[in-house]
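This report walks through selected local features of one structure, moving from a loop residue to helix packing and then to a sheet. Please keep the sequence and the three-dimensional view at hand while reading.

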Amino acid sequence: MPFENINLIPIYISIGAGVLLVALALWKKALTIPATASAFIILVLAALFTSYTGVVVFSVSFVGAAVIGQIKRDKRKDREQGLYPHQGARGLVQVLCNSLPALTYGAVYFATGRTSFLIASAVTVCAGIADSAASDLGILSDGKVISLLTFKNVERGMSGGVSLLGTFSALLTSITIASITFAVGEVGLKGLWVIALMGFVGTLIDSLLGASVQAGYRCNVCLKLTERKEHCSAPTTLVKGLKFVDNNVVNVVSLFIAGAISLIF
Ligand SMILES: [Zn+2]
């Protein structure tokens with residue numbers, strides 16, 4: 001039974017790290033207050049399910065996302081203007097969608113002790129942070145943005161578009177997270193390359209789903225493409241994808257898929 005040999009030390013560490021992360025998130029206004037509270041709970045659950053690997057991988061991702069969010073903040077704010085439904089601090093739904101796949105695979109690892117599920121859990125965290133690095137840095141790019149589906153130029157910042165800078169950021173982030181996870185010592189050398197590879201592939205799956213099924217709208221007033229249901233104080237018109245598929249749905253689905261593929265290895 002897994003409950004008989006719970007290692008309490010990583011849980012204590014996660015509570016300590018959680019307090020620091022809460023302070024950081026509130027200070028930098030990176031997360032809303034409900035999102036901050038849930039991030040704390042997620043971190044402790046990750047420690048319970050996936051021990052040191054969970055604590056380290058989640059802490060590094062939270063800090064990493066906050067740091068990346070600070071880079072050229074004003075330029076990004078300017079470019080994101082009117083594109084997305086949520087702006088500024090990350091909300092509760094966004095945090096939950098990014099963490100649910102990791103906690104699910106983590107819970108299976110906790111119940112079965114199979115390392116492949118520990119790796120799958122780390123893969124989803126890695127893909128999640130790599131994807132936010134790709135979007136947050138990619139939107140700063142002045143280069144070409146293409147759709148992975150059609151290879152045609154798309155408007156910068158729209159989900160499903162990939163830029164060279166965004167792709168490179170995702171790759172670099174995946175390698176970094178995989179190396180840090182490996183350094184914890186619980187996933188082995190195979191885990192290192194599976195996490196690096198599938199973390200990056202996860203961002204590609206995200207872009208593919210973003211380009212195909214994610215809802216995209218056009219403003220009837222200024223004719224700009226947007227992910228908002230409302231623009232220029234008027235309702236927008238659906239021009240692509242499915243109405244109920246927003247960025248959070250795409251995120252959670254692509255993370256689950258990336259973790260599932262990693263299990264094959
Ligand atoms: Zn408009």
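This is a predicted model: local features need pLDDT of at least 70, side-chain atom pairs count only at pLDDT 80 or more; totals for chains, interfaces and linings use all residues.

## A buried loop residue

When neighbours within four places in sequence are left aside, S159 is in contact with G210, Q214, E227, N247 and V250. A37, by comparison, is 122 residues away from S159 in sequence, and the C-alpha atoms of S159 and A37 are 28 Å apart in space.

## Helix 2 against helix 5

Helix 2 (residues 33-70) packs with helix 5 (residues 115-138) at an angle of about 5°, and the two axes lie 10 Å apart. An angle under 35 degrees counts as roughly parallel, which is why helix 2 and helix 5 are described in that way.

On the side of helix 2, the contact is made by T50, T53, V57, F58, S61, G64, A65, I68 and G69, while helix 5 contributes L118, S121, A122, V125, G128, I129, S132, A133, D136 and L137. Sorted by class, this contact of helix 2 with helix 5 comprises 10 nonpolar, 8 polar and 1 charged residues.

## Helix 2 against helix 6

Helix 2 also packs with helix 6 (residues 164-184), here at an angle of about 150° and with the axes 9 Å apart. Because angles over 145 degrees count as roughly antiparallel, helix 2 and helix 6 are roughly antiparallel to each other. The crossing in which helix 2 passes helix 6 is right-handed.

The residues that make this contact are Y52, T53, V56, V57 and V60 from helix 2, together with I177, I180, T181 and V184 from helix 6. By class, the contact of helix 2 with helix 6 has 7 nonpolar and 2 polar residues, and no charged ones.

## Positive phi values and an open helix

S51, which is found in helix 2, has a phi near 55°, a positive value in a residue other than glycine. With 23 C-beta neighbours inside 10 Å, S51 counts as buried. C232 likewise has a positive phi, near 50°, and is a residue other than glycine; its place is in the loop between strand 5 (230-231) and strand 6 (234-235). C232 has 15 C-beta neighbours inside 10 Å and so counts as partly exposed.

As for helix 3 itself (residues 73-80), the number of buried residues among its 8 is 0, so helix 3 lies largely in the open.

An open sheet of 3 strands has the order 4-3-7, and its pairing is antiparallel. Strand 4 (225-226) and strand 7 (237-240) stand at the edges with a single partner strand each, so one side of each of these strands is left without a neighbour in the sheet.

Strand 3 (residues 216-218) pairs with strand 7 in the antiparallel sense over 3 bridges. Within this pairing, G216 has K240 of strand 7 as its bridge partner. As a general point, the strands of a sheet pair through backbone hydrogen bonds, in either a parallel or an antiparallel manner.

Terms used:
Residues are numbered from 1 along each chain as its sequence is written. A residue is buried if 20 or more other C-beta atoms lie within 10 Å of its own, exposed if 12 or fewer, and partly exposed in between; C-beta atoms are placed from the backbone. Helices (H or I, at least four residues) and strands (E, at least two) are DSSP runs, numbered from the N terminus. Two residues are in contact if their C-beta atoms, placed from the backbone, lie within 7 Å. Axes are lines fitted to C-alpha atoms, for helices over the stretch in contact, and angles run from 0 to 180 degrees between N-to-C directions. Angles under 35 degrees count as roughly parallel, over 145 as roughly antiparallel, 65 to 115 as roughly perpendicular and the rest as oblique. Ala, Val, Leu, Ile, Met, Phe, Trp, Tyr, Cys and Pro count as nonpolar, Asp, Glu, Lys and Arg as charged, and the others, Gly among them, as polar. A crossing is left-handed if the near helix is turned anticlockwise from the far one by less than a right angle, and right-handed if clockwise. Two strands pair if DSSP finds at least two bridges between them.
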